[in-house]
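Biologist: I'm new to this one. Could you put it up on screen and walk me through it?

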Protein chains: 2
Amino acid sequence: MTAFDKLMTFQRETSALGQIAGRLGWDQETVMPRGAAPQRAEEMAAIEAVLHARRSDPRVAEWLEQAAPQDMAGKAQLREIRRSYERAVKVPADLATAIARVTSAAQGKWAQARADEDVAAFLPVLEEVVSLKRQEGAALAQGGDVYDAMVEDYEPYTTGSQIAAIFDAMRPRLVALRAAVLDRPEPAALTGRFDELTQMRLSQKLAVAFGYDLNNGRVDKAVHPFSSGSGLDVRITTRTSETDPFNCFYSTIHEVGHAAYEQGIDRDYLLTPLGRGVSMGVHESQSRIYENQLGRSRAFTGWLFEQMKTAFGDFGINEADAFYATVNRVHNGYIRTEADEVQYNLHIMLRFDLERALMAGDLQVADLEGAWNDRFKADFGYAVDKPSNGCLQDVHWSVGLFGYFPTYSLGNVYAGCLNQALRAAIPDLDAQLACGDTSGATGWLRENVQQYGGLYAPREVIQRASGIEPGPEPLLTYLEQKFGGLYGL
Amino acid sequence: MTAFDKLMTFQRETSALGQIAGRLGWDQETVMPRGAAPQRAEEMAAIEAVLHARRSDPRVAEWLEQAAPQDMAGKAQLREIRRSYERAVKVPADLATAIARVTSAAQGKWAQARADEDVAAFLPVLEEVVSLKRQEGAALAQGGDVYDAMVEDYEPYTTGSQIAAIFDAMRPRLVALRAAVLDRPEPAALTGRFDELTQMRLSQKLAVAFGYDLNNGRVDKAVHPFSSGSGLDVRITTRTSETDPFNCFYSTIHEVGHAAYEQGIDRDYLLTPLGRGVSMGVHESQSRIYENQLGRSRAFTGWLFEQMKTAFGDFGINEADAFYATVNRVHNGYIRTEADEVQYNLHIMLRFDLERALMAGDLQVADLEGAWNDRFKADFGYAVDKPSNGCLQDVHWSVGLFGYFPTYSLGNVYAGCLNQALRAAIPDLDAQLACGDTSGATGWLRENVQQYGGLYAPREVIQRASGIEPGPEPLLTYLEQKFGGLYGL
């Protein structure tokens, strides 16, 4: 065997073990008996230790030195293996252990503090998390920008400054669009009760309609919707609420976007570093375009309206245009995960600026709540009423996820670019969506984005698919046109 | 840290990884998407490779050398770790790989041959399996008895000769009992149709009644009932057939016996070599005593009769004694897994003698079918009609399980010993069972057997609990009394 073959054989086993660790996470959120939690923590720690040892195995460095890949895919494999290896050996083991221990405790303290509306109770442990993550960032950056090094974990080959430039261009137009929309009369909200079993059935139908392959996946219920796994075993979860079927349906479509990406990757890359979505931002571009540009389009909601009438009978909305307006209703709110397309990115930009300042040392943990509340007031026009609606609403920072938030909005930006190219490539797309046929759209996405997995860098795959340098203009134009039309601006 | 502590820390991680591998098996049989199978095979191979490397890690030998345990449990831990280590290093890696590869293919060929009733199509691959397993047995035995070395994998500290002595004492009395019973009129079989959802509900109730803790477990459906996992996460499966609710109920009770054993082990042994059932035979003693001596007793079936009437309404049996006779109906049949208490062990003895002869080289694979059919005729009095009812009925040999079959009957023998002691310890046991209260029985079993996990050797734990040298006499007496009464012998 050549060094390259040895490396890939080793890597294939590592990927297989990584899939196992991921499936343990799925199990924990869906079927695990409650009382198993302490044992599961030891199981997770054991497999993570195995994975860490393999990622930093000295033989990997030797093989990397000697490997001579034959083709472009081989070179891309080496690029990703090298990136993973270098990351693994840069962080001292005791620091990694300390981060794992502290974030595990911090998550519980965050949940308690949020329930108690007690920011002060959370700050000491957040202080520890921030301090350890800054040390980790410094170890990774090796003299470079700490926050950039963190972004690299979720959105490789992308810097904080690049993201800031995109966000800075978006913010004024989003603030203006939001103000104009909220100045107009609000469409009706959905009312009534919707049988949860029927929601799950329609949900499954939506998943299949969007090209999710149930032969290599399954749909379950969980507290938080998620997609899990790569290759031949990609599972999604959704949730139901008797009063809010849209939550179920659009969570499902969103997760199907993630899952279809994983299912759609070239099978030649199965269980290799290229055999999974290339970044969180590109992943989110798939979930967002499925959920929003396709799933919340006038054309598709017309079909969904008929499906819901068949499934639930009369539910108080009598007309497809009114249904479309209800689905896309813009409404004041504090919570990121409940935000509409117009306001969502403003929530992200707030977090991006604050976490970047925290990592740079320009913002102290003690000042976080004040900074959050000031910024929220500035962008949304009203004050945060309680911490659970403010800086305690998200789990991310408690578990050490710094550099992750911006990938949600990058996903929206990329979805905007892809949507523009998709519409140009399939002129009668709306006619297809109006029949509930997404195969033209999902086929284009598979062909132009999903199949490549990790072959191209994130911005490159979007650039190749959309034919333009990725930027916010298509998204902003899409939002202004869509909501301009909906609200008669 | 002392050498003992280092060893135990290492071992704890190995046990955690072993639990993960086991849960992958559960996942595969219950929830895995069908199309995931090829990827799952790689995942299983990857974690098995990790486990093998840890079991044969040279540091284990060093730590074993230096470790100085402080107490009896520590000494027992070392005994089990040493046994596992010595087994792992005795078998050459290429032989282990060859066995894994051939048995994986053989299982598919066996299933096809069984479907086609074509013994000849299975024999070549069985020949390979037998040859490889004999090599493995020779490597393990190092000059000793090959079959004994194989039994050691499933029933440590027990030899083929010991088992043969027990079986030889049982066979004539079982053949005689069987003949006498079948000479009498046969009780009515169950007829009618039984809603499968209601079966699952009653099944869950039975599981809880027998002390299964759903906080650390769950009940799912699978093609073959099984119990999976140790410690805080022990899951069982059962199955339903519209016409055969007893299959569902007694499969459930049987698996609850296995699961209660794992759940009942002293929590101090969690994720250590002592933290799981000590042998297949002792495991089976728990599943069998739950299923048969308790679950099929006159007292408990009286309670079950009422439960079934409540759940299903009138189902054609009007009287508790008749219900008891139907539950315990002895009926001619070819299939081991469908056999009643009287005939079951005859099926096992047949397999035990044949596989022992195969391993000794006294029986050739080419002569297996003839030997099977001759022996079946001798013990059961009629001829095998087709291979799927004969030597192709069980999966075990195709996957290399030699030395496993006798543990089923050892379990019955041990259950007989335990039942005798249990009845002596709880004189009013039948009054409890008649109310569906198994807590006296299951509490006694937890106290006297289950809590010890791997602390004592298999025969020792049975001897300590039952107060006698384990042997077949109590089982035979129990069977002769029970079926003598039922059939008026």
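**A first walk through the model**

Biologist: Let's start in chain B. What is Leu418(B) in contact with, leaving aside its neighbours within four places in sequence?
Modeller: Leu418(B) is in contact with Ser285(B), Ile289(B), Leu445(B), Val449(B), Ile462(B), Ala465(B) and Ser466(B). By contact I mean that the C-beta atoms of two residues, placed from the backbone, lie within 7 Å.

Biologist: Before I go on, how should I read the labels and the model?
Modeller: Residues are numbered from 1 along each chain as its sequence is written, while chains are lettered from A and ligands numbered from 1 in the order in which they are written. This is a predicted model, where local features need pLDDT of at least 70, side-chain atom pairs count only at pLDDT 80 or more, and totals for chains, interfaces and linings use all residues.

Biologist: And what scores does the model get?
Modeller: Its ipTM is 0.94 and its pTM is 0.94. Chain A has a mean pLDDT of 97, with 100% of its residues at 70 or more; pLDDT is the predictor's confidence in each residue, from 0 to 100.

Biologist: Back to Leu418(B). Which residues touch the most other members of the largest nonpolar core?
Modeller: Leu418(B) is one of them, along with Phe210(A), Val256(A), Leu418(A), Phe210(B) and Val256(B), in a core of 226 residues. Helix α16 (residues 405-425) of chain A gives the most to this core, with nine residues. A nonpolar core here is a set of buried Ala, Val, Leu, Ile, Met, Phe, Trp, Tyr and Cys residues joined through C-beta atoms within 7 Å. Buried means that 20 or more other C-beta atoms lie within 10 Å of a residue's own, exposed means 12 or fewer, and partly exposed is in between, with C-beta atoms placed from the backbone.

Biologist: How many residues of chain A are in contact with chain B?
Modeller: There are 32 in chain A, in contact with 32 residues of chain B. On the chain A side, the elements that give two or more residues are α1 (3-30) and α2 (37-55). By class, that side has 17 nonpolar, seven polar and eight charged residues. Ala, Val, Leu, Ile, Met, Phe, Trp, Tyr, Cys and Pro count as nonpolar, Asp, Glu, Lys and Arg as charged, and the others, Gly among them, as polar.

Biologist: New topic: at what angle do α6 and α7 of chain B cross?
Modeller: Helix α6 (residues 119-141) and helix α7 (residues 146-154) of chain B cross at roughly 85°, and their axes come within 8 Å. They are therefore roughly perpendicular to each other. That label covers 65 to 115 degrees; under 35 is roughly parallel, over 145 roughly antiparallel, and the rest oblique. Axes are lines fitted to C-alpha atoms, for helices over the stretch in contact, with angles from 0 to 180 degrees between N-to-C directions.

Biologist: What sits in the loop between those two helices?
Modeller: Gln142(B) is in that loop. Its phi is near 45°, a positive value in a residue other than glycine. Gln142(B) is exposed, because 9 other C-beta atoms are within 10 Å. Glu117(B), in the loop between α5 (93-116) and α6 of chain B, also has a positive phi, about 55°, although it is not a glycine. Glu117(B) counts as partly exposed, with 14 C-beta neighbours inside 10 Å.

Biologist: Over to α7 in chain A. Is it mostly covered or open?
Modeller: Covered: eight of the nine residues in α7 (residues 146-154) of chain A are buried. What covers them includes α6 (119-141), α8 (160-182), α11 (280-294), α14 (344-360) and α16 of chain A.

Biologist: One last stop, Ser203(A). Which helix is it in?
Modeller: Ser203(A) is in helix α9 (residues 196-209) of chain A, and it counts as buried, with 24 C-beta neighbours inside 10 Å. Not counting residues up to four places away in sequence, Ser203(A) touches Val219(A), Thr238(A), Cys248(A), Phe249(A) and Thr252(A). Ser203(A) and Thr252(A) are 49 residues apart in sequence and 6.4 Å apart in space, C-alpha to C-alpha.

Conventions: Helices (H or I, at least four residues) and strands (E, at least two) are DSSP runs, numbered from the N terminus.
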